[in-house]
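This report describes a structure by way of its chain contact, its domains, its core and a few local backbone features. Please look at the sequence and the structure before reading on.

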Protein chains: 2
Amino acid sequence: MNKHPFDAAMHLEAAGSDRPDTWRGETSPAYWNMVGPFGGTTAAIAVRAVMLHPLLLGEPIALTVNYAAALAAGVFEITATPVRTNRSTQHWTIELRQTDPVTGSSSVVTTATAVTAVRRTTWSANESPMPQLDVVNAGPRFSFDNAEWTNRYDIRAARGGLPEDWDGAEAGGDDASLTQLWVRDEPPRQLDFASLASMSDAFYPRVWLRRPVRVPAGTVSITTYFHAGSAQLAQSGSTHLLGQARAHVFSNGFFDQTAHLWNEAGQLLATSHQIVYYKN
Amino acid sequence: MNKHPFDAAMHLEAAGSDRPDTWRGETSPAYWNMVGPFGGTTAAIAVRAVMLHPLLLGEPIALTVNYAAALAAGVFEITATPVRTNRSTQHWTIELRQTDPVTGSSSVVTTATAVTAVRRTTWSANESPMPQLDVVNAGPRFSFDNAEWTNRYDIRAARGGLPEDWDGAEAGGDDASLTQLWVRDEPPRQLDFASLASMSDAFYPRVWLRRPVRVPAGTVSITTYFHAGSAQLAQSGSTHLLGQARAHVFSNGFFDQTAHLWNEAGQLLATSHQIVYYKN
């Protein structure tokens, strides 16, 4: 049986017993974006490095990934260090580096931090009910020229899909940057923390919807909070998640985006926030 | 003239010319919280260390602070390293350490990352208009027993103040965890990036409003996006900001919080997100 392309993209090998925090991986052409790998897969690789670590305590609660530079196609090294382990929480710093094949010099391309924790059952409540939408009523499958990664997902917008006319006519009013969409791996794949981290970044730039002008835009930093444990993710299976994204403000070269991801049972699995660079 | 207590809390001294990324500081009793310094001041110190650095490019855009352990009262060292400098953005990793006076061993108490950038004037739009509220109609000044830091702010709730009855009767419906409040330094102080980072954490735990039961709760990780430049912050003066906070979900020991901060002119200066530990 062939590996799922997402699992192939997540493949990491230990760098050696003298460097227990470090793994080697390779960028995946199957998840290529316009000028580097899809940022969702980079976030997922950070999750994967943490979860591979023999000293791991608990499961992911929070992840912040800073895209310092576009990854070049090819190999990279990722180091995930548990800098502080408490009774039920653990703090991680993560660094992804690449070596220039010509100069031989190594440089930081991504930094990240993560928190993992042992969850205990407590009083719980969801204040963000899933919008009443059905995947069968959603739009056609999304794909985007020059973004191979979009072919690795089945994404169907219920609201706020890509503009049909790039005419620069500004959308106005409340929720002008709101997108609601269904998303799953293509082919379908059992949900886990890595794929959830990746799907949290599966929304095209809000500025394209808001203006709409196809200006260059790219995520600078993304933070994802995981609100479910591995058992809940397993129960979510491989069916679509409902994703919702909106911006709060576009201000002199940077806008923000807040996203929610629910499974079909209506459980809010993740909330995710990012700050995105855009050109005028 | 005496220093403002916030400036005193922000005081950092260079650790030495052989360690150009490192500064020494001391926790401030004036901003003490229940079991350590107010987390807002720790975030502010991270901003301060970055902004003191001679290699700084631009101004803060994004900041993530992970509270790995409560700071002990006393001295600390903070290291802010510019790990990647691009044409208009710069990426920072930050670590705050303390040395155990008995064992002499040093350990990580806080990790952080930051992005700074040179902003350029672009098309801009605010999708989060300020709620129509007036500070003169707000409630009485907030203070909280065993939380000295609350005396360093003038905080007045317009909606969702601290519960009057800790009776455990759950608030229901939409926006059950919503708080809107006015906040400024006390005594008043000119707004800057450090104080804005601090005020982003000036909301009491959402779980107290939602249940309401005074369970132990503490921020694990906070991410703040700055949507204004220093000139806009200067224009904001020293008057109140309007802050709004709400949770999206409370799930097995962790809830999230999203906050907005506007100045009196209605400009959205910052959005901030955190994940918070709570006990049952």
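The sections below move from the whole assembly to single residues.

## Basis of the report

This is a predicted model, in which local features need pLDDT of at least 70 and side-chain atom pairs count only at pLDDT 80 or more, while totals for chains, interfaces and linings use all residues. Residues are numbered from 1 along each chain as its sequence is written, and chains are lettered from A and ligands numbered from 1 in the order in which they are written.

## Contact between the chains

The contact draws 53 residues from chain A and 53 residues from chain B, where two residues are in contact if their C-beta atoms, placed from the backbone, lie within 7 Å. On the side of chain B that touches chain A, the largest share is the five residues that come from strand 6 (residues 106-117) of chain B; helices (H or I, at least four residues) and strands (E, at least two) are DSSP runs, numbered from the N terminus. That side of chain B has 27 polar, 19 nonpolar and seven charged residues, with Ala, Val, Leu, Ile, Met, Phe, Trp, Tyr, Cys and Pro counted as nonpolar, Asp, Glu, Lys and Arg as charged, and the others, Gly among them, as polar.

Strand pairing also crosses between the chains: strand 7 (residues 125-126) of chain A and strand 12 (residues 249-251) of chain B run antiparallel and are joined by two bridges, where two strands pair if DSSP finds at least two bridges between them. Within this pairing, N126(A) has V249(B) as its bridge partner.

## Two domains in chain A

Chain A is divided into domain 1 (5-117) and domain 2 (138-278), with bounds that come from an automatic or database domain assignment. The centres of domain 1 and domain 2 of chain A, taken over C-alpha atoms, are separated by 22 Å. Between them, 27 residues of domain 1 of chain A are in contact with 26 residues of domain 2 of chain A.

On the domain 1 side of this contact in chain A, helix 1 (5-9), helix 2 (39-52) and strand 3 (59-67) each supply at least two residues, and the largest share, nine residues, comes from strand 3 of chain A. By class, the residues of this side of domain 1 of chain A are 19 nonpolar, six polar and two charged.

Helix 2 of chain A is largely enclosed by the rest of the structure, because twelve of its 14 residues are buried; a residue is buried if 20 or more other C-beta atoms lie within 10 Å of its own, exposed if 12 or fewer, and partly exposed in between, with C-beta atoms placed from the backbone. The buried residues of helix 2 of chain A include G39(A), A46(A) and R48(A). At 1.5 Å a residue, the 14 residues of helix 2 of chain A should span 20 Å, which agrees with the 20 Å between its end C-alpha atoms; the expected span is 1.5 Å times one less than the number of residues.

The largest nonpolar core has 148 residues, of which A46(A), L196(A), A46(B) and L196(B) touch the most other members; such a core is a set of buried Ala, Val, Leu, Ile, Met, Phe, Trp, Tyr and Cys residues joined through C-beta atoms within 7 Å. Leaving aside neighbours within four places in sequence, the contacts of L196(B) are L191(B), F226(B), L233(B), L261(B), L269(B) and A270(B).

## Strand 9 of chain A

Six of the seven residues of strand 9 (residues 179-185) of chain A are buried, and the strand is thus mostly covered. Strand 9 of chain A pairs in the antiparallel sense with strand 8 (residues 153-159) of chain A over six bridges, and there W182(A) stands opposite R156(A). Five bridges also join strand 9 of chain A to strand 11 (residues 241-246) of chain A, again antiparallel, with Q180(A) partnered by Q244(A).

## Local backbone features

Most residues other than glycine have a negative phi, and most peptide bonds are trans. A cis peptide bond, with omega about 0°, joins E186(A) and P187(A), and P187(A) is found in the loop between strand 9 and helix 3 (193-199) of chain A. In chain B, the peptide bond from E186(B) to P187(B) is cis, with omega near 0°.

N252(A), although not a glycine, has a positive phi of about 45°. This residue is placed in the loop between strand 12 (249-251) and strand 13 (254-262) of chain A, and N252(A) is partly exposed because 18 other C-beta atoms lie within 10 Å. For N252(B), phi is near 45°, also a positive value in a residue other than glycine.
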